[in-house]
Amino acid sequence: MLSPSIRKPLEHVVRATGTVILGKEGQIRLALACLLARGHLLIEDLPGVGKTTLAHALAQLLGLSFQRIQFTSDMLPADILGVSVFDRDSGAFRFHPGPVFTHVVLADEVNRATPKTQSALLEAMEERQVTAEGLTRPLPEPFFVIATQNPSTQIGTYPLPESQLDRFLMRIELGYPDRAAERDLLAGVDRREILAGLQPCLAPEELLAHQKSVRAVQVSEALIDYIQALIAQTREAPDWQAGLSPRAALALLAASRAWAWLEGRDHVLPDDVQTVLPGVACHRLHPAGESIARLSPAEVAARLIEAVPIP
Amino acid sequence: MAKSKSQAITAMQTWWLLAAALSALLPLTPHVPLWLSALALTLLAGRALLNWTNRRLPARGWLILLTFAGSAGVLAQFKTLFGQNPGVALLVLFLALKPLEARTRRDGLAVIFLCYFLVLAQFFFAQSMATAGLMLATIVAVTAALGSLADARARPADLLRRSSLMLLQAVPFMLLLFVLFPRVQGPLWGLPRDAFSALTGLSDSMAPGSISNLSQSDAIAFRAKFGAKVGDTPPRDQLYWRGPVLSEFDGRTWTSERRLPLPRLAYAPQGPAIDYEVTLEAHAKPWLFALELPGQLPPDSLMTGDYQLLAKTPVTARLRYTVASHTAMTAGLDESAGVLRRALALPGDFNPRTSELANGWREKLKTDEAVLDAATRFFLTQGLRYSLTPPLLGQHSVDEFLFDSREGFCEHFAGAFVFALRAAGLPARVVTGYQGGEINPFDGYFTVRQYDAHAWAEVWLKDRGWTRIDPTALSVPSRISQNLAAAVPAGSNVPLMARLDLTLLRELRLRFDAVANTWNQWVIGYNPERQREFLNRLGMRTPDWRQMTATLAVLAGLVLLGLTAWALRQRRRTDAAQRVWLKLGRRLGRRGLPRASWEGPLAYAARIAARFPESATEIRAISALYGRLRYGSLDPVLLDELKTRVTRFQP
C-alpha cells in the first residue's frame with residue numbers, strides 16, 4: 001500500500017480541477033493518469049465543453065509551464081517547433097524556440113491543421129525532442145501534450161490518421177455536464193477567475209518522481225495474462241478490422257499502472273485495466289461492422305471486457 | 001429454471017454442428033437404407049435453411065412425429081430395432097433429428113457425441129486405410145464443432161487448427177493403446193453375414209461362365225509370402241492354389257460332394273516342403289487356399305477327403321495362416337472304392353458325341369495311361385481357343401465346346417476334360433482354385449487376384465494316385481506360363497492388373513497395394529499373435545494380458561502424471577487466494593449474486609456492497625485483500641486472514 005501522503009497533492013489536483021470543470025472527476029483522473037504514465041492525451045469533443053480549461057487547470061496546479069497552440073489550416077510546422085532568424089548583432093542565425101518548448105502543450109483543434117503540421121507536433125510528442133536545421137534540441141521534462149479534436153463529422157477537419165492516433169496514450173470525451181453541474185457553473189463565479197487563483201501544489205521534479213514510482217507499480221503474472229487475453233480477443237474477435245498492437249498493449253499496461261497508483265495501490269487489479277480500457281483502446285480499434293460502429297466507446301469496451309474472463 | 005441466455009447456441013455454432021453432423025453422416029450413406037440417407041440429408045438441409053433464414057425451430061410435436069415415423073421405417077426395413085445395422089440406422093436418424101431441437105449448448109453436445117459415436121460405427125462396415133483417413137478428417141471437423149461450442153467467437157480456421165493440434169497430441173496415446181491394449185482373437189462384435197454378400201470369390205459350384213465372371217475382377221484374393229530367397233518361390237507352373245474340389249456333375253453344373261474330414265494326411269511327400277504365409281481376404285466361405293498339396297495344416301483347419309483345406313468357420317475377416325506344401329506328392333493310391341465310383345458318375349443323355357469319342361478310346365486302347373494320352377492329344381490338336389467371352393452353350397455344353405464353338409474359358413476346358421475321362425472310364429474330378437499370381441516388387445508379397453481363378457482336372461491312376469492335368473495348359477500354354485492377358489485374344493476386356501501394357505499405372509497400383517498390405521498386416525491384422533511377437537521384440541518375454549494391462553496402466557499413468565505435473569506448473573499461479581475468491585463467488589452465486597467471469601474484484605465487491613450495504617466495508621476489505629494476494633505478492637499470513645474472513649462472510 002502506498003503511503004497516502006505521497007498521493008495527497010495529486011488528490012488535491014483532482015479536487016481543485018474539479019472546481020473548474022464541474023462533475024467530471026472520472027475524466028480528470030484519467031487525464032492525470034495519462035500524465036503520470038508519461039503519455040499524451042487526446043480530448044475529442046464539441047467546442048465549449050471545457051477542454052482548454054481542463055488542460056490549463058492541470059498545468060497550473062502541477063506547477064508546469066503551459067503553452068496553447070490554436071491549430072488553423074494555414075499553420076506551418078515552424079509555427080510550432082520554432083524558427084531560426086538571422087541576428088544582425090551577432091552575425092549568426094539564432095533559433096527562436098516555438099511554443100512546443102514547454103511542459104504542457106495544449107494543441108487546440110489539432111484536426112484543423114494540415115497533416116504536415118500535425119505530424120510535426122506528433123513527431124515531437126513521440127521523440128520528446130525537436131530537430132530543426134540539423135540541431136536536436138530536447139524538450140523539457142515532463143512533457144505532456146493535450147490535443148483537442150472536434151468530432152471529425154464537423155466541417156473543415158483533417159482527421160488524424162490511425163498511425164498518429166496511436167501516439168496518444170488515451171482519448172477521452174468530456175461530454176456535456178449534467179444538470180446539477182451545469183447549474184453550478186451558471187450560478188457560480190467566472191471560471192477564468194478561479195483558474196487564475198489556482199496555486200501550484202507540485203514541483204516539476206516531484207511529478208517526475210511520481211512518474212517513476214508509477215513505473216514501479218507491481219504487475220503480476222495473472223494480470224499480464226489478463227492483458228494478453230484482452231489483446232488476443234481484439235485480434236481474434238470478428239468485431240474489429242485489426243486487433244490492438246503491442247504498442248497498445250504497453251499503453252494499456254502503463255495506463256493501468258498509473259490508475260492503480262492514483263487509487264493508492266502498489267499492484268494493478270483487473271479493475272484498473274477495465275477502467276482505462278475505453279480510453280486506451282477505443283481510438284485504436286476500428287469496428288468491422290455497422291452494428292459495432294454505432295456503439296459508443298464505453299459500450300465497445302464493455303463488449304470487449306465481457307468477452308474475456310479474468311484468468 | 002429458464003435456460004440462461006449464455007447457453008443458447010449461436011447461428012455460427014449451429015453451422016458448425018450441421019457441418020459435424022454432415023461429415024459423420026455422409027460416409028455412412030452407403031450402409032444405411034437409401035430412404036434414410038435421403039431423409040437425414042433433407043432434415044439437415046431443412047435445419048440449415050432455418051438457420052439461414054433465422055426462423056424458429058419446429059414444434060416439439062413435429063419432431064416426436066418424425067422420430068416415431070423414422071423409427072417405424074427402420075423397423076419395417078430390418079424387422080427389428082436391435083442389432084448392428086438397425087442400430088446404426090437409428091443413430092443416423094437421431095443425429096439428423098437432434099439439430100432440429102438443438103437450442104442450447106447441452107443439445108449441441110449431444111449432437112457432437114452422436115457424431116463421435118457414428119465415427120466408431122463407420123468401422124463396422126470398413127476398416128481400410130481410406131476409411132481411417134476419412135474418419136480422422138471427420139474427427140477434426142467434429143472436434144472443431146465442439147471447440148465452437150466452447151468458444152462462440154473463434155474463427156473457423158482457428159477451430160480447425162486447434163482440433164487438428166488436439167488430434168496430433170492424441171497420437172501418442174492412440175499408439176500406446178493400440179500397441180498395448182490386450183487383443184482378443186477375432187472381432188469384438190459379430191459381423192453380419194450379409195456384410196460379405198457382395199464379396200467375390202470362388203464358390204463350391206462351377207457352371208460355364210462362373211469363373212470367367214471372376215476374370216473381370218482384379219480384387220485381391222489373397223497374398224502369400226514365401227521365404228526371402230528368390231529360389232523360395234516355386235516356378236509358375238507349380239503355383240496351383242487348391243480350392244473347392246467338384247466331383248458331381250448334373251449335365252451343366254459341377255458341384256462338390258458332401259465334405260468329410262480326412263482322418264490323416266494320406267499322401268507321401270516327395271521333395272522338400274515350401275513354407276509360406278497366406279493372408280486371405282474375407283470371402284465368407286470356409287475354404288482356405290494352399291499350394292497343392294499342403295503337408296501341414298494351419299491351426300483351426302481341417303482337410304477333406306478330396307484334399308480341400310477348410311477353416312472351421314467361414315472366413316469373414318482377413319485371415320493369416322502359415323502352411324507348408326509339397327508341390328510334388330503322391331496322393332490317394334489307396335482311394336476308397338466309393339470315392340472312385342462317384343468320380344466316374346455321369347448323368348445320362350448328355351453330350352453324346354463326347355461320350356462316343358471317349359468310348360472309342362476305351363475300346364481301342366488297353367491301359368488307363370493310353371486313354372489319358374489320347375485325351376491329352378485330343379485337347380492338344382483340337383484347336384481350342386481361350387476366350388473371356390465364350391458363346392453361350394446349349395444342353396450338350398461339352399459337345400458344343402469341343403466340336404462346334406471350340407472357344408472357352410478354363411471351366412469349359414476342365415469340365416470337358418473331366419467329362420471325357422469319365423466317359424472313357426477314368427475316375428476324374430474338377431479342381432477349382434487360383435493359378436499363378438504376381439510378386440509385388442515393392443513389398444515382396446505374392447499377390448493372387450480374382451482373375452487368377454482357374455479350374456483344372458485331377459485324374460486317378462492306379463499306380464500314381466490322383467494326378468493333376470491342366471487341360472487349359474495343354475491348349476493354351478501361355479495362360480500358365482504368363483497370365484490371363486497373354487492367353488486371350490488381343491482386344492479382350494482384361495482387368496488392369498492383368499494387362500501386360502500400361503506399366504506405369506500398374507506400378508502405381510502395385511505401390512498402393514503394398515501400402516494397403518502393410519496396413520492390413522500391421523493395423524487390421526494386429527491380433528494377439530502379432531502383438532505377442534511385437535512385444536517380444538520390445539523385450540517383454542511372453543507377456544500375458546495381465547502383464548499387458550499392468551504395463552498399459554503404468555504407462556498411461558506416467559503420461560497422465562507428466563501432463564498433470566506440467567499443467568500444475570502452468571497453474572501454480574492460480575494460487576490459493578484465487579481458490580478462496582472463486583469459492584466466495586460460488587457461495588454468493590447461490591444467493592443470486594454470481595461472479596461474472598470477466599468481473600474484477602473491485603467491481604464484484606461493489607455489486608455485493610450495493611446488495612448488502614451492511615456488509616459493504618467487510619466485502620471491500622476482502623476484495624482489497626484478495627487483489628493484493630493475487631495481483632500483488634502472496635503473503636501466507638494475509639492468505640490465512642483472507643480465508644478466515646471469507647469463511648466468516650455471511651451477508
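This report describes a sheet, salt bridges and ring contacts in a predicted model.

Residues are numbered from 1 along each chain as its sequence is written, while chains are lettered from A and ligands numbered from 1 in the order in which they are written. Because the model is predicted, local features need pLDDT of at least 70 and side-chain atom pairs count only at pLDDT 80 or more, whereas totals for chains, interfaces and linings use all residues; side-chain values use heavy atoms, with hydrogens and water left out.

**The sheet of chain B**

Six strands of chain B form an open sheet in the order 9-12-7-2-18-17, with antiparallel pairing. Strand 9 (294–296) and strand 17 (438–439) of chain B each have a single partner strand and stand at the edges, so one side of each is left without a neighbour in the sheet. Here helices (H or I, at least four residues) and strands (E, at least two) are DSSP runs numbered from the N terminus, and two strands pair if DSSP finds at least two bridges between them. Strand 2 (residues 220–225) and strand 7 (residues 274–280) of chain B are joined in the antiparallel sense over four bridges, and Arg223(B) stands opposite Thr279(B) in strand 7 of chain B. Helix 17 (residues 503–524) of chain B lies across strand 2, strand 7, strand 12 (319–325), strand 17 and strand 18 (446–449) of chain B, and runs at about 75 degrees to strand 2 of chain B. Contact means heavy atoms within 4.5 Å; axes are lines fitted to C-alpha atoms, for helices over the stretch in contact, and angles run from 0 to 180 degrees between N-to-C directions.

**Salt bridges**

A search of the whole structure finds 31 salt bridges over all chains, a salt bridge being a side-chain nitrogen of Lys or Arg within 4 Å of a carboxyl oxygen of Asp or Glu.

| Glu126(A) | Arg167(A) | 3.8 Å |

Glu292(B) is buried at a relative accessible area of 6%, whereas Arg468(B) is partly exposed at 29%; buried means under 20% relative accessible area, exposed over 50%, and partly exposed in between (1.4 Å probe, protein chains only). Asp272(A) is buried at 1% relative accessibility, and Arg265(A) is buried at 10%. Glu126(A), Asp166(A), Arg167(A), Arg247(A) and Arg284(A) are linked in a network of salt bridges.

**Aromatic rings**

The whole structure holds 25 aromatic pairs over all chains. Phe113(B) and Tyr116(B) form a tilted pair, 6.4 Å centre to centre with 40 degrees between the planes. Rings of Phe, Tyr and Trp (its six-membered ring) pair if their centres lie within 6.5 Å, and planes under 30 degrees apart count as stacked, over 60 as edge-to-face and the rest as tilted. Both Phe113(B) and Tyr116(B) lie in helix 5 (residues 105–125) of chain B, three residues apart, about one turn of the helix. Ring pairs also link Phe222(B), Phe226(B), Trp241(B), Tyr276(B), Phe289(B), Tyr434(B) and Phe446(B) into a cluster, and within this list Phe226(B) and Trp241(B) are both buried.
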